[in-house]
Amino acid sequence: MVRFTQLAGRVSGVALLALGAPAYGQTSTAVESEAEVPAEESAAFQGAAPSESTAIVVTGSRLREESVQDVPVAVSVFDTEMIEDLHAADIQALTSNSPGLVVSNNPTGNQVPLISLRGFSVVATDISIEPGISIYVDGIYQPTIVGGLSDLFDVERVEVLRGPQSTLLGKNSSAGAILVRRSRPTNEVEGRARIEYGTDNLFQAQGLMNFPIVDGILAGKVYAMYRHSDDYAENLVPGVSDLGGGEVTTFRGALRLTPSDNIDWYVSADYTHRDNSTAAGRNAAPATFVPCASFGFCVNQPQGSHELSLDFADGAEHDDYSATSDLAIELGGAKLTSLTGYRDLRMVNNSDVDGTPLPILHAFDQLTTLDAFSQEFRLSSVEGAGLDFGGRLAWLIAAYYNDSSAFLYEPRILLGGAPNVAAQRSDRSSQAIFGHLDFDLTDAITLSFGARQSWDEVTHEYSFRGPGLVVPDPLPNSQSREDKNFSLEAGAQYQIDPTKMVYFRYAEGYRGGGFLGFPGSLEQAEGGYGPETSESYEIGLRSEFFRRRLLFNLTLFTATFNDLQRSETKPSPTGFIIITDNIATARTRGIEMEAVARPIDGLDLKGVLSYLDADYRNYVSGGVDLSDTNFSYAPEWTISLTPSYELPLGGQGLFDTLRLQGHWEYRSRYLAGAQDVPEMMQPGYSVFDAQVSITGGSRSRYTLTAYVQNLTNERYQVYGVYVPPLLFQQFDARGRRLGISAQIAF
């Protein structure tokens, strides 16, 4: 194992070569940020000359507004324009645009994200498992993995925080968080509309309208979106639906009340309906597995094949209702914030788990429901209002409560037999108090400290899997546990000069314990699994050179996970069972670099590079040392490079600006699933994207864009289900996609 200093030298050399090479990229590559970016700090990097700027506003996870380069934490930020350039439906598109981040979809579930951040991931679909990387929408924590694949429609900003989070956000996490913020109503009559058409008859239309209701006091917003894509994979089984398509419809309304300078109240409500075809999975089982050995089906479709054979493809439906209230009141030198969230989710999913034309294992009419409520109160300092020690102190005191109830009804058919069924309910309650402060010891030195006390309670009810389609009511088996945790965070930063800063951060993370969703026996269910904790050390450099025409950020980190929770899929008499346990101690460490250069006006060159070294410690199962097991979705190297060029066209025609951009990303080999078998290892690969857009208009701005994603039609594996000797199904990336879009803003 190389030492940390050796890692730094090794990665720095590769970075210099990479950032100096000609490449393709996209403007969605984000610069490290955490707070509102003053114009003078980001001038050279936001599409303007060094004396001009447009600002990226970031406020979701800091105590006070800070320059992009003054933030002592690793976080990447995506604004509205960056997100629109992704031409994507959900947060999967953030992959490779933030160091160390991999986001994929678990195709055996419904809106289930597979998120890996700095090598830490949770590969599961069980409602009883707490997310390890938290997702927040408008400040509201999403308490289950199922339904957590947040969309990117009507988004003002996304923040990706790397490392444990415990003293600034409502819910703590072991490894990081993703914060999604919707756009707020303005007090102006303004709006935008966008339509898009692309490969597989992709059609998307969305529109947003802001309007004053009571001038200067009450403003409103309405938003609507529809997205449809045809099935892209042909199902060769007669009479069974094709695969891979879907549609989504969203309606959202919001109000913002500002009756005085010290009151700001934002409320929103939205509804989303999804109707998706079955995911395009292919059979990859070897000859010794059941499909070939018992049924004679020995056909393994090649990687990337769009001609598949599934005998069951009934798809999935998803209805999601949510409401948010964000009330902020300034009380002299402090601000009181009340953040309230409610979510009601209902999903029905169908899955041909084996990926063959045989009824080896089907999960049908799986019903998942979620009812969640959260309340957070935050009391924080107001800059310059008397309780901030003359502007040198920023502080926060907060209390948090979350209560959620998730239910899963799961019928299956195994080997063509009669249906069998099981059900579970997982009720989680979380309470916490936490605080954080930043103190400017001198003009150049700032010290930070935070602490959190958490209390978690889990009640789990379940039935054993049995014949038929009816489960007992109430569920016959019940178990509960209580966990608590005390976490700390501390740091220091030193401002070398106005354009250079170094920092140190120590942070502790925590994830609550739980129970096996569908245990095979009372003995297996007993005790469940305990909490997971983490410790992270991080040092970073934020720097700008050449009158801010070159930005270079460097982060080195190491994290240790104790009682690491991991889920494994194992065969059982009823198909398979998911076992979650505290398996080991683990360590991840690495180096992250982000650079933005503007050699000439109009030309931006951006680069992101991350190196990751992840390994298990003391991982012994059944007397066997498994410490050499690979981490899931943890590539050693991730690189992306982005050139973009904006060219003025003059004011004589319909259009005045031409913009050219591209994207190249590379990921080294990684394990694309939960089971460490050679067939699940995805070799390293590269993906190229490109787009061109033209913009014009004065009072109303209109933009036409043409784009291509995965230009070389690279085929790579994104997920696999490996249950020996029953089945092995793999899922591949969709392939090349082309599209055009038109937008008008007024």
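I am working with a predicted model, where local features need pLDDT of at least 70, side-chain atom pairs count only at pLDDT 80 or more, and totals for chains, interfaces and linings use all residues. Residues are numbered from 1 along each chain as its sequence is written, and side-chain values use heavy atoms, with hydrogens and water left out.

**Salt bridges.** I looked for a side-chain nitrogen of Lys or Arg within 4 Å of a carboxyl oxygen of Asp or Glu. The count comes to 40 salt bridges.

I checked Asp138 and Arg184 first. Their closest N and O atoms are 2.6 Å apart. The two residues sit 46 residues apart in the chain, each in a loop between strands (strands are DSSP runs of E, at least two residues, numbered from the N terminus). Both Asp138 and Arg184 are buried, meaning under 20% relative accessible area with a 1.4 Å probe, protein chains only.

Next I took Arg465 and Glu410, which meet at 2.6 Å, N to O. Arg465 is in a loop and Glu410 in strand 20, so the pair ties together parts 55 residues apart in sequence. Arg465 is buried at 17%. Glu410 is buried at 9%.

I then found Asp615 bridged to Arg587. Both are buried.

**Pocket.** I turned to the second largest pocket. It is lined by 43 residues, and Glu410 is among those nearest its centre, with Thr125, Arg412, Phe576 and Ile578. I used a 1 Å grid over the protein atoms alone; a pocket is an open set of points where a 1.4 Å probe fits, with protein on both sides within 12 Å along at least five of seven lines, and lining residues have an atom within 4 Å of a point.

How values were computed. Helix = DSSP H or I, 4+ residues; strand = E, 2+ residues; numbered from the N terminus. Buried < 20%, exposed > 50% of the residue type's maximum accessible area, 1.4 Å probe, protein only.
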